[in-house]
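Let's take a walk through this one together. Have the sequence and the 3D view open side by side.

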Amino acid sequence: MLAIKNVAFRAAFLGAAALFHVSSAWSGIPIQHWQQASGAAVYLVASQGIPMVDVQIDFDAGSRRDPPAQAGLASVMAAMTSKGVRAAGGDVVLDENALSEAWADLGASFGASAGNDRLSFSLRSLTYPDLLAKATRLAARQLAEPSFPPDVWPRERERLKASLREANTRPATLAGRAFAKAVYGEHPYGYEMTEETLDRIEVADMRALHVRRVLPCHAKVNIVGAVTRAQADALVSQLFARLPSGAPGAACPALPAVAEVAPLGAAVETRIPFKSAQAHVLIGQPGYKRSDPDFFPLLVGNYILGGGGFVSRLTAEVREKRGLSYSVYSYFAPGLHAGAFTLGLQTRPDQADQAVQVSREVVARFVAQGPTAAELQAAKDNLIGGFALRIDSNRKLLDNVANIAWNNLPLDYLDHWTEQIARITQADIKAAFARKLQPEKMVTVIVGAKP
Amino acid sequence: MKRLILCLFPLLGLLASPGASAQTPPRAEQFTLSNGMTLIVKPDRRAPTAVHMLWVRVGAMDEVDGTSGVAHVLEHMMFKGTPSLKPGEFSRRVAALGGRENAFTSLDYTGYYQQIPAARLEDVMKLEADRFARNQWSDEEFRKELEVVKEERRLRTDDNPRAQLYEALHAATFVESSYRRPVVGWMSDLEAMTPADARAFYRRWYTPANAAVVVAGDVDVAQVRQWAQRHYGRIAAHAVPPRKPRTEPAQAGLRRLQYKAPAEQAYVALAFRVPGLQSLQVAVPGDEDALALTVLSAVLDGYSGARLDRALTQGPDRVADSVGASNGLLGRGPQLFVLDGVPAKGKTPTQVEAALREQVARVAREGVSEAELQRVKTQWVASEVYKLDSVFNQARELGSYWAQGLPLDASERLIERLRAVTTEQVKSVAAKYFGDDQLTVGVLLPQPLDRSRPPRPQPTGARH
C-alpha cells in the first residue's frame, strides 16, 4: 500500500481520466506533519504494503554554504561520515569496515550526500521491530558521532583528486565546468571542487561543519514506509538521541543568508578545442528559484521545449528531423537560488555549429511565440494523465514529501498538482518564459567542435 | 513472497516474532497465447499505474558479421511507424496517454516498455501489438536514424576509454561466440548498414513464439489475458528460426591486450571464463559452481570494506583507487567472472592484477568465514523485499528471466539456491576457475591528452 488508506488513494485515482477537465477536490496522499520538542520537523507517509521504511533527513548545509577556498567541503564531509564512528555512551569505536559490515549484517543502509542546497542523510531498513531498532540505533551513532578518521581522509583525498584528473580528460566534464563558471560567476552554485580546494580541507573542517550544521532544530525528517505515526515519532527521537540538544527554549542558531545568482549582462560564447568523437554543447543562463510563482508555467513549458522525452521540440528538430544527436534536452534546476536553465547535446564535431544554430532558433522561437494550443494540450495530457507515475513507489513518494518539506509547500500540494497544470494557458507560458529567458544573453559552451 | 520473508527470520537471527504484517503480494502468472506468444502478468495494487513490456528473445548475439548493431538499430526503427502510424506518432500517442516509454537492447534480448496509468493499459497494448506485427518506415527515415545511432556509439563508446577497453576485451576473449561483438555495433558495420538489413532482421526474429508480453501493476489478470489474446494473440506467426549454437571453444592459454586511449588513470580488467547457470529446474553439471562463483564475487566485493576493498584500497601501501568483482551467472552465451581495478597513484596495472588474483588465491587456500557468507546472503534476502517497491523493476526481472529460458519463479528459486551455497563450495570454485589458461587480461594504457593531436582515424565507409 502506498498510502495509509489504500481505498482512499485508489478512489482518488479511479477518476484520473476525468481530471483532464475537472479540477475536483479529492483526498490524495495523506502526509502527516508535526514538530518534535527538539525542533525537528517530521513529514510522514505511512505506507504499509512492504515491510520496509525510507527516512531522509535534510539540513540546510549543502555546498552553497561551502567556503569558496574549500569548495567541496559539504560533499566530502558527507562522504566521510561513513568512514567510522567514535566511542561514545559505552559503545566502542567502529572503523570504516566494522561500520560497513554492521550495515550489511542488518540488510540496511545509511549514508549522506550533499547537493547545492541540502545535506541529506538517508536510511533504508526493513521494519521487523528488532531489526529496525538496531538500524535506527546505528544510524543515530553515525549521524551524531562520525569519527572523521585523520588517517582515512588523506587516502580519500588522493582518490578524489585522481578521479578529478581523470574526469578532466573528458569533453563532457570540461563543458560542464566552463558552463557553470560562465552562468553562475562567483555564486556558490558555480563553485568547482578542485585538487587545490581539496588540499585546503582537513578533518577539523569537517568536524566543525558537522557540529555547526547537523542540529535537530534545523532538520526536516521525511519518512515513507510501514510505520505508524507513533513509531515514526519514536524513530525520529531515537535518530537524534545522540546529538547534543540545545538548551530548552533556546532559539535555533540562525544561518547566514547566501547571495542570489546574478543575471548575465551579455551573451558569452566559449569554444574549447578538444579532439574527441563528439563535440559537447551546453547553452543556458540563470533560471529561477523554486519559490517563483512561475513554477508551473515553466514546468509545462519546458516539457514542450526540451523535457518531454521523444516528443519535445528540441528532440524533433535536432534528433528526429536532422539526426544530429542521440540526446538533446533542456531543463531548469530551481533551488533556493536561481539554478540554471540548461540545453545540452552532443554531436559529430563537424556538425556542432549547425546543431548550435538549430537549438538557438528553437529556444528563441519558443520564447518569442510560446507553445501552440496543440502542444499545450499534449503536455497537459501527459503531465496530468501521468501524475500517478510520479508517486507510485515509496522511493518516489519520499522524493515528493522531501520536496514539500524542504520548499515549505502546502501539505496538500500533491492533491492540487494536476489542477495547477490544468489551469496553465499558452499566454502564461509565453509570459513566464519571456520573464525568465533571454536568448540574446545566453552562455554557449562548445567543446571539441571541428574548427 | 511470504515464503521469502519468513526465510529472513532464521537467516538474520535477530527477530523474536514477525512484527510487521506484510501482505502477500499476488504472484505472477504465465500464459501462452494461441499463436505461441507468452504473456506474464504480475498484479501489484499499491498504486493505479502499470508497466507494459514487450520482450523479444533476440539481441546482438543473434547478429552475424558485417551487420553488427542491427538488433539495436531495429529497436530505434520500431519507433518509426506502421501503416497506420507516422514516424514519431507512437511516442506522441503514448505521451498523450500520460505514459513514459523507452526501449533497450542487450546481447541476449530486446525490450520495449511503457509506464502508464493502469486505465490506459489496453491502449498501449494495441499500439505495441501494431508495431510488433506491422513495423514499417521509409529508407529516408532509416538514413536519419542511423546517424542518431552513430552518435549514440560515439557518446557511449568512442569517447569513453574504459568502454573501448571492454569492447576490445570481449573481442579478444570470444572467438566463436557472437558475444565478441559490441551491442551497439562496430562503426564500420553501422556505416555500411542498409534498410534491408534491419527489415530482414525484423521479419526473421519478431515472431510471436519469440516474444513475451510482461504486465505488472494495478491490473486484473483475467482482463489482461483477454486483451493480450485480442491484440497480440491474432498476430500471424512463423516458426522461430533455428539458432546456430556458435559454441565458444575452451580457451587454452592466457591472452593479453593493451588499449591506448587519452586518459589520466590506467585500468585493468581480468576476464575468467566460467560456467553460467543453465537451469533452475533440473540438475545441470556446473550450475552449483556458477552459483558459488556469484557468492564468491559478493564475498570479494558485495559491500564496502569487503575483501577486495580492504586488501587493495586501504592502508599506507594500497595499490588501487577502486576495485571490483562480478560474476555473469545468467546469459544465453558464455559467462565471465571479471575482476577489475584502477591503480593508485604510483602503482601499476601489473601490481593491481597480482593483488586481485592474490585475493582469490587466498580464498582458495583459506576459504571464507561463515560470517561473510551470512552477510552476503542477508543482503540478498533483504534486497528481495526492497525490490518490491518498484513495479518497473519487477517487470524487468520477469522479462529477463523469460528471455533466459528460466521459470516464472526464478527469483525465489535463485535466492534459495544461493542461500544453500556453503563456504566449502566457495573455496572450491576459487581454486578451480582462476588459473592462467582461461584468462584474458585487458589493460588501459593512458595516453597524454594532446588537444592538437590528429583525431583517431575513422572508418571511411560511405555515408548515406
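Below we go from the chain contact to one helix and then to one lysine.

First, some housekeeping: this is a predicted model, where local features need pLDDT of at least 70, side-chain atom pairs count only at pLDDT 80 or more, and totals for chains, interfaces and linings use all residues. Residues are numbered from 1 along each chain as its sequence is written, while chains are lettered from A and ligands numbered from 1 in the order in which they are written.

Start where chains A and B meet. Chain A puts 63 residues into the contact and chain B puts in 62, with two residues in contact if their C-beta atoms, placed from the backbone, lie within 7 Å. On the chain A side, 26 are nonpolar, 19 polar and 18 charged; here Ala, Val, Leu, Ile, Met, Phe, Trp, Tyr, Cys and Pro count as nonpolar, Asp, Glu, Lys and Arg as charged, and the others, Gly among them, as polar.

Now find helix 6 of chain A, residues 171-184. Helices (H or I, at least four residues) and strands (E, at least two) are DSSP runs, numbered from the N terminus. Its buried residues include A:Leu174, A:Phe179 and A:Tyr184, where buried means 20 or more other C-beta atoms within 10 Å of the residue's own, again placed from the backbone. Among the elements covering them are strand 9 (268-272) and strand 13 (443-447) of chain A. Just past the helix, A:Gly185 takes a positive phi of about 55°.

Finally, look at A:Lys220, in strand 8 (residues 220-225) of chain A. Why does A:Lys220 count as buried? Because A:Lys220 has 21 C-beta neighbours inside 10 Å. Its contacts include A:Asp58 and A:Trp406.

Methods:
Expected span 1.5 Å × (residues − 1). Buried ≥ 20, exposed ≤ 12 C-beta atoms within 10 Å, placed from the backbone. Lists of a residue's contacts leave out its neighbours within four places in sequence.
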